[in-house]
Amino acid sequence: MNRFKKIICSIALILAFLSTNRVYASSVIKDVKERQNIASGVEYVKIDRFSDAGFIDINVLKLENNNNFSKLIPMISTNGVSNKETLSNMMNNVENTVGAINGDYFETTNYTMALGSLVGEEKIILTTPEAAFSRNSFFITKDGKAGVGSLNNNITVNIKGDTLSVNALNKVSKPYRALSILDENWGKTSPGRSIGGRNVELQVANGVVIDKKVGGEPMLIIPGSYILTQNGDALLKYNIGDKVNIDFGDYKNLKFSVGGANVLTRGGKVADNKKFNKARAPRTAIGVDSNNKTIFLVTVDGRNNSSIGMTELELAQFMQSIGAANSINLDGGGSTTMGVKKQGTEKPVVVNAPSDGSERPIVNGISITSKSPIGEPSYIRLVSEEDMWSGNSYDISAEIYDKNHNKLNINSDEINISSENGTINSGKFSPQGSGNGKIYASYKNLSTEKNIYIHSDIKEIKLDVEKLELDNDKKHFFETIYGLDEKGFRKKLNPADLTFEASPEIGTLDHHKFTAISEGAADGFITASYKDIKKVIPVAVGTKIDDIDIFKDDLKVTTIPNNDTLITSDYNILDDNGEKYINLVYSINPYKKKQISELNFNGLSLGSSKYIGLEVLGKSEGETIVANFRDENGNKASTNLVTKVDFSDWKYIEAAIPSNLKGNIYLDKLSVVINDEKQQVSNIGFKNLKSASLVSANRDFEDISNKVIDSKNYVVDGTQGFNFTIANLDTSGKGDNQNRIAALDNNHVAVALSGVSEKTRNNIKSEVKFNGNDKFNIKNYGATSFITLEINNKGIRSANSAQFKPFLDSLENKDIKNYIIFMNSSPEYISGEKEKTFFNNEIKKAIKSGKEVFIVTPGYYNDVKLYEGYRIISLNNQSNTVLKFNENNGNISYYLKNL
């Protein structure tokens with residue numbers, strides 16, 4: 001039996017291993033890179049990686065090893081290695097820092113302690129303990145050779161002819177019986193008796209013991225001196241005046257080192273390490289290429305909505321991919337931090353997103369410092385927006401740098417900035433026209449140019465709502481406002497740049513802040529204006545009360561439990577001073593559980609009601625009255641109208657309808673719940689049911705809003721070029737598809753959006769025919785590409801990550817000018833905000849290069865929307881409408897045709 005259990009456990013472990021390894025490494029879909037030379041021999045690269053597992057934010061600093069002006073410098077807290085400090089503070093305390101990352105792992109016992117080595121600037125700051133506890137280090141020897149691995153701990157102290165092995169420099173670890181050296185890099189004072197009453201400390205200066213304490217107060221560490229510290233009797237025999245000499249062994253040959261954990265790459269290959277951490281997390285790494293020419297400092301963000309992080313294997317694979325032949329993993333998680341001093345800025349700032357939400361204090365860091373002599377002008381950097389809108393003005397300037405990337409102090413009047421796509425005056429650029437453009441700059445014999453994209457004047461305003469329906473005294477602030485250019489690209493507008501007007505009968509405006517009237521009901525309009533562009537939306541304010549007829553022919557009474565030996569119930573229609581009411585009568589016998597009498601209305605329509613009111617006749621019997629609702633989507637909810645009937649006459653009751661119900665609301669039941677365990681006969685009366693709903697905004701008005709006119713939406717006779725037709729057929733078997741199938745015949749390309757059977761498709765007489773809801777595929781015809789993208793409620797990558805790369809490659813096909821993309825839902829509804837932005841940005845790039853993009857989806861309505869430069873077209877499968885395209889010499893047009 002035990003052997004059988006072991007086999008089962010082994011299988012489970014194998015399955016678990018295979019399961020975790022499915023996400024052990026991801027494949028790259030696309031890297032979007034930004035590069036900037038920030039100092040002599042120093043380059044900063046920002047990588048936005050889209051992988052099949054998700055998005056990963058990566059930052060890389062590249063340093064030329066043995067550069068004359070730039071070098072690696074270890075950083076520690078100003079209070080010593082026994083204290084922690086943020087990377088920002090460390091960078092501010094190291095002159096000429098142009099980039100930095102966090103360093104070693106650490107632990108906090110009595111004292112903060114880095115686990116590995118730290119060497120630099122002719123200083124040995126930290127050494128690793130004896131071999132049993134040694135950590136891997138990244139190191140550079142004084143002859144410029146770099147490597148990774150454990151360092152040889154062969155440090156010794158000679159006192160009075162005795163040679164003692166040293167555990168570590170500037171580290172103390174329990175039980176403190178090992179000999180440690182603490183110098184001014186440790187901190188201001190020694191541990192003293194805080195690490196033990198038998199702790200012996202010898203202070204050494206100029207090679208001589210100058211002080212001795214046993215279990216005493218901490219010693220002040222005098223600059224230039226150091227402390228020998230050890231619990232026990234080993235140091236007791238040494239006294240003031242004894243001569244001391246330290247031999248730092250192999251550490252004397254190091255130019256730089258920093259401690260870390262696992263070796264990631266060695267000799268150009270990914271390390272074969274079964275202990276690689278498989279969790280996705282923020283990561284930090286350092287490495288060097290095979291020729292010792294380039295040092296790489298890397299951070300990877302994780303544990304946030306923007307970046308999923310990397311496994312340790314993925315980090316190793318990334319280091320290998322960028323050329324880091326030898327590399328190690330540094331402290332990660334919340335410690336992962338990178339700072340960069342970008343071109344034109346005064347000091348370095350954090351460029352990644354620390355996973356704690358703010359910087360975590362760390363034990364040490366690695367700085368790249370650079371100080372190069374000012375040289376002759378070498379190149380120009382143009383500083384301006386890349387995306388601009390005609391009719392606006394933008395700051396523009398040019399900076400001059402020498403070959404070492406020092407910014408030079410050049411009078412701006414000596415630099416000429418020009419453009420054929422607008423005017424430049426006093427540091428402001430006013431673009432004109434639309435499309436791709438360029439800005440030029442020149443200084444003496446230097447020149448440069450920058451590509452820009454100019455959007456046309458704003459043609460349409462988009463407010464955050466298309467209509468307003470408000471309760472009395474409610475407010476609405478118009479804050480999320482966009483302007484649309486002629487292609488539908490959006491620009492966020494400042495509400496302060498618009499004017500707003502409201503019909504006086506609906507409320508008042510304090511610029512963009514609307515307040516509805518305090519009482520009564522009214523409807524009207526609000527007009528938003530930007531320059532000469534207007535947007536008008538209908539507004540309704542207040543509540544309307546409707547009388548609901550409860551005297552239905554199909555009214556029924558049911559009971560719970562359905563047992564007439566316990567409860568019986570019925571109703572009759574009675575008269576109260578000329579008003580009819582429903583009198584619900586019930587009779588109960590003693591029962592331990594609650595008994596319920598229900599008036600079933602079978603769906604009494606309340607419209608878009610917010611609350612109901614009715615009059616109830618009680619006899620103070622303590623019943624609970626419950627209203628049961630449902631909405632047009634079948635969602636159900638209930639609310640207590642009366643918690644306890646403690647009145648014996650007519651009483652008006654109001655109750656809000658549960659907020660989870662949307663659209664048209666129905667009252668299904670009024671239930672009387674009786675909890676008394678006694679025999680009784682009683683009745684409840686109901687009359688004057690009313691529903692209260694917001695006044696509906698009047699959409700039937702002459703819309704004077706300015707709208708973008710789609711330049712591609714027009715009818716052609718179809719005799720020239722290629723004709724494509726797309727139809728959304730009803731696959732339920734209820735609709736009439738005959739006309740739509742006929743419309744697909746005799747086209748160059750025919751597409752059944754929601755799919756048809758193979759038999760039906762074979763009967764369509766067109767050159768190319770396919771289903772628009774197939775698996776991912778790409779079909780090209782003429783200068784047009786037809787692409788089916790799979791999408792689910794999480795996005796495109798989640799539906800099929802393998803489709804993204806060929807899709808992106810197709811957008812760069814120079815022979816294709818038009819893209820018709822089929823998706824089951826609009827890209828507007830991609831749940832991941834970063835994937836939605838990435839998708840839109842890739843489509844935008846294609847559009848700005850002169851391509852046209854149409855996304856066709858099934859929908860509730862036949863509709864066309866210009867969105868971010870492309871068109872989203874929805875087709876309803878119940879309507880007799882098809883989508884027609886014509887391509888003539890690459891130029892494409894379209895229209896919706898009713899059959």
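1. Strand 59 and strand 60 (residues 749-752) make a parallel pair held over four bridges. Here strands are DSSP runs of E with at least two residues, numbered from the N terminus, and two strands count as paired if DSSP finds at least two bridges between them. Within this pair, I726 sits opposite V751 of strand 60.

2. A word on the source: this is a predicted model, where local features need pLDDT of at least 70, side-chain atom pairs count only at pLDDT 80 or more, and totals for chains, interfaces and linings use all residues. Residues are numbered from 1 along each chain as its sequence is written, and side-chain values use heavy atoms, with hydrogens and water left out.

3. Back to strand 59 (residues 722-727), which also pairs with strand 68 (residues 881-888), this time antiparallel and through six bridges. T725 has K884 of strand 68 as its bridge partner. Strand 59 is mostly covered, with five of its six residues buried (under 20% relative accessible area, using a 1.4 Å probe and protein chains only).

4. Elsewhere there's an open sheet of four strands, ordered 30-37-36-33, with mixed pairing. Its edges are strand 30 (387-389) and strand 33 (416-418), each pairing on one side only. Neighbouring strands in this sheet are turned by 30° against each other on average, direction ignored; the axes are lines fitted to C-alpha atoms, and angles run from 0 to 180 degrees between N-to-C directions.

5. Look for S418, whose bridge partner in strand 36 is Y440.

Conventions: Buried means under 20% relative accessible area, exposed over 50%, partly exposed in between (1.4 Å probe, protein chains only).
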